[in-house]
Amino acid sequence: MDDGRPIFLQIAELIENQIIDGSLAEGAQVPSTNEFAAFHRINPATALKGIALLVDAGVLYKRRGIGMFVAEGARARLLDERRERFAAEYVQPLVVEARALGLTTDHLIEMIRKGTP
């Protein structure tokens, strides 16, 4: 766990990452809040708060008496959200700075391909 962000957000991100990388498939059961709490040595209410974020986002759903499961389409939804966030946080500022430096689109593409200036 990273000390810089709230633990419940880290729990939610951990589950998201597992869905994205395929460790948790759509329809798969997610570990319980008590399992998360015991493994990460946190309060079960904290784990529940992270899971609740994903339920509210439609990434997880509850089967009464059984537990939480990954929703159909969750991986695609998460990938779309991450791509949008990536564009906003990295690509847009990159394009703005490239324009300020007078770089053409072709030059910027070439720089990205090479990974160097």
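User: What covers the buried residues of H4?

Analyst: The cover includes helix H1 (7-20), strand E2 (67-70) and helix H5 (105-114). Contact here means heavy atoms within 4.5 Å. Helices (H or I, at least four residues) and strands (E, at least two) are DSSP runs, numbered from the N terminus. This is a predicted model, in which local features need pLDDT of at least 70 and side-chain atom pairs count only at pLDDT 80 or more, while totals for chains, interfaces and linings use all residues. Residues are numbered from 1 along each chain as its sequence is written, and side-chain values use heavy atoms, with hydrogens and water left out.

User: Which residues of H4 are buried?

Analyst: A residue is buried under 20% relative accessible area, exposed over 50%, and partly exposed in between (1.4 Å probe, protein chains only). In H4 the buried residues are Ala74, Leu78, Leu79 and Ala98.

User: Where does H4 bend?

Analyst: A bend is the angle between axes fitted to the seven residues ending at a residue and the seven starting there. H4 bends by about 40° at alanine 87. Just after H4, glycine 102 takes a positive phi of about 75°.

User: How many residues does the largest nonpolar core have?

Analyst: In soluble globular proteins, nonpolar side chains tend to be buried together. A nonpolar core is a set of buried Ala, Val, Leu, Ile, Met, Phe, Trp, Tyr and Cys residues joined through side-chain atoms within 4.5 Å. The largest one here has 20 residues, and Ile15, Ile19, Val30, Phe36, Val59, Leu60 and Val70 have the most contacts inside it. H1, helix H2 (33-40), helix H3 (44-56), E2 and H4 each supply at least two residues of this core. H1 gives the largest share, 5 residues.

User: Which residues does phenylalanine 36 touch?

Analyst: Leaving aside residues up to four places away in sequence, phenylalanine 36 touches Ile11, Leu14, Ile15, Val30, Pro31, Arg41, Ile42, Ala47 and Ile51.

User: In what order do the elements of the protein chain run?

Analyst: From the N terminus on, they run α-α-α-β-β-α-α.
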